[in-house]
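Please look at the sequence and the three-dimensional structure shown below. The paragraphs that follow lead from single residues to the chain as a whole.

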Amino acid sequence: MSDLHIDDFYRDSARILLQLYRHFPRRDLIYTEDIIGPDTPDDFGLPSDRHQACFATMLWLAEHQYLSYGSTVGQEALDQATLSQRGFNLLALLEQDTEFFPQDSETRAKHEEGLSRAQLLRHKLKSESSIRLNHYMRYLYTL
């Protein structure tokens with residue numbers, strides 16, 4: 001059984017990277033709410049732990065040079081965010097390791113010429129288990 005906060009980290013980081021990939025090379029304002037949905041602050045108006053974890057994931061991606069940004073908007077968003085060269089290459093390259101290709105033969109047959117890592121990541125977010133998504137994200141972070 002995996003740790004739920006790590007499952008959230010992998011899912012959030014996949015969604016963040018893919019959102020920036022969709023807008024690349026334009027800079028974008030990326031809200032935590034766009035990644036995890038609306039937040040319910042506590043009685044003191046502080047963001048929930050889940051919201052703070054998603055925002056921390058954005059900062060972690062920047063610290064590890066997967067993205068860059070101009071400024072933060074409180075703990076709500078990153079302004080002027082874009083993929084770094086490292087982040088872009090991570091997603092744009094064709095995946096060579098067939099271990100990560102979709103298991104269903106129909107999807108696999110459609111993409112015999114190859115799948116970009118972004119395509120694989122989208123597929124894993126939509127239709128595969130957290131375990132397979134986590135496994136793929138761990139692999140990507142080792143590249």
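A residue is called buried when its relative accessible area is under 20%, exposed when it is over 50%, and partly exposed in between, with a 1.4 Å probe and protein chains only taken into account. By this rule Phe9 is buried, because its relative accessibility is 18%. The model is a predicted one, in which local features need pLDDT of at least 70 and side-chain atom pairs count only at pLDDT 80 or more, while totals for chains, interfaces and linings use all residues. Residues are numbered from 1 along each chain as its sequence is written, and side-chain values use heavy atoms, with hydrogens and water left out.

The elements of the chain come next. Helices (H or I, at least four residues) and strands (E, at least two) are DSSP runs, numbered from the N terminus. The chain holds seven helices and four strands. Read from the N terminus, their order is α-β-α-α-β-β-β-α-α-α-α.

A pair of aromatic rings is described by the distance of the centres and the angle of the planes. Rings of Phe, Tyr and Trp (its six-membered ring) pair if their centres lie within 6.5 Å; planes under 30 degrees apart count as stacked, over 60 as edge-to-face and the rest as tilted. The count by this rule is 12 aromatic pairs. In one of them, the ring centres of Phe9 and Tyr10 are 5.5 Å apart and the planes stand at 55 degrees, so this pair is tilted. Tyr10 is buried, because its relative accessibility is 10%. Phe9 also pairs with Trp60, edge-to-face, with 5.1 Å from centre to centre and 90 degrees between the planes. Since Phe9 belongs to helix H1 (residues 4-23) and Trp60 to helix H3 (residues 49-63), this pair ties together parts that are 51 residues apart in sequence. Trp60 counts as partly exposed, because its relative accessibility is 27%. One aromatic cluster is formed by Phe9, Tyr10, Trp60, Tyr66 and Tyr141.

Two further residues may be followed in helix H3. Phe55 is found in this helix and counts as buried, at 7% relative accessibility. Contact here means heavy atoms within 4.5 Å. With its neighbours within four places in sequence left aside, Phe55 is in contact with Thr32, Thr72, Gly74, Gln75, Glu76, Ala77 and Leu78. Between the C-alpha atoms of Phe55 and Ser129, which are 74 residues apart along the chain, there are 23 Å. Ala56 also has its place in helix H3, but counts as partly exposed, at 41% relative accessibility. The C-alpha atoms of Ala56 and Gly114 are separated by 33 Å, and the two residues are 58 residues apart along the chain.

The backbone deserves attention at several places. Phe24 and Pro25 are joined by a cis peptide bond, with omega about 5 degrees. Pro25 lies in the loop between H1 and strand S1 (28-31). Gln65, a residue other than glycine, has a positive phi, near 65 degrees. Gln65 is placed in the loop between H3 and strand S2 (67-68) and is exposed, with a relative accessible area of 53%. Gln80 is not a glycine either, and has a positive phi of about 60 degrees. Gln80 is found in strand S4 (residues 77-83) and is partly exposed, with a relative accessible area of 39%.

Along the principal axes, the C-alpha atoms fill a box of roughly 50 × 35 × 25 Å. Of the 143 residues, 41% count as buried. Among contacts between residues at least 6 apart in sequence, 53% join residues at least 24 apart.

Finally, there is the surface. Accessible areas come from the Shrake-Rupley method with a 1.4 Å probe; for residues, only the protein chains shown count as cover. The chain exposes about 8200 Å², of which carbon and sulfur atoms supply 51%.
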